[in-house]
Amino acid sequence: KSLKAAKQKIQRAKRKLEKERNFICNVSAKALNNIINFNVRGILMTAKCSTLRIIKNSHLEIQFDDAIWPGEHTSTPSVETWSHEQVADWVKHHDEISDEVADLFEKNKVTGLKLLALNREDLKELGMSKTGTMALVIIFSM
C-alpha cells in the first residue's frame, strides 16, 4: 500500500515538474537552451540561466555565463549512457545513500540505463534491504 502511495506521489511530482517546465518554456519564448533542470538534494528544479545570473559576480552568474555554459556542458553524458563506474560515483556523491549501495551497483554492473529502470523489487534482488535507501535511490535517479 505504501509503495503504491509512493509511486502516485512520484507521478504527481513528475506531472508538476513537466507543467512547470512547460510554463518556463512559454515564458522564455521557447528558448530551451536557456532552461536548466537540476536536482538539489533530491528536489527537482527548473530555472532560466538568465535568472540564475541575476546577482552580479556571484558563483551562479559565473557558472551560467552564456559564453561558458554551452561549451562546458554540451558533452555532459546523459544518465542513459553512464557506465557502472559512473553510476557508482553518482551514488557516492549522495551523502544520504550508503557507499555500500555504490559497491553493490558496481559489483552488479548497474549502468545508467539499468539504474533508470530499477524498481523496488529489482533493488531487493540486488541485495538491498533498507526501504528508505531503496526509496532514495529511486527518487534521486529520476
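In which strand does methionine 45 lie? Methionine 45 is part of strand β2 (residues 43–48); helices (H or I, at least four residues) and strands (E, at least two) are DSSP runs, numbered from the N terminus. You are looking at a predicted model, where local features need pLDDT of at least 70, side-chain atom pairs count only at pLDDT 80 or more, and totals for chains, interfaces and linings use all residues. Residues are numbered from 1 along each chain as its sequence is written, and side-chain values use heavy atoms, leaving out hydrogens and water.

Let's stay with methionine 45. It is partly exposed, with a relative accessible area of 33% (buried means under 20%, exposed over 50%, partly exposed in between, with a 1.4 Å probe and protein chains only).

Now find helix α8, residues 120–126, where arginine 120 has its place. Arginine 120 is buried yet has no salt bridge (a side-chain nitrogen of Lys or Arg within 4 Å of a carboxyl oxygen of Asp or Glu). The nearest side chain of opposite charge, glutamate 121, is 6.8 Å away; here Lys and Arg count as positive and Asp and Glu as negative, while His and the chain ends are not counted.

Glutamate 121 does have a partner: lysine 124 forms a salt bridge with it, the closest N and O atoms being 3.7 Å apart. Both residues lie in helix α8, three residues apart, about one turn of the helix. Lysine 124 is partly exposed at 43% relative accessible area, and glutamate 121 is partly exposed at 45%. The structure holds one salt bridge.
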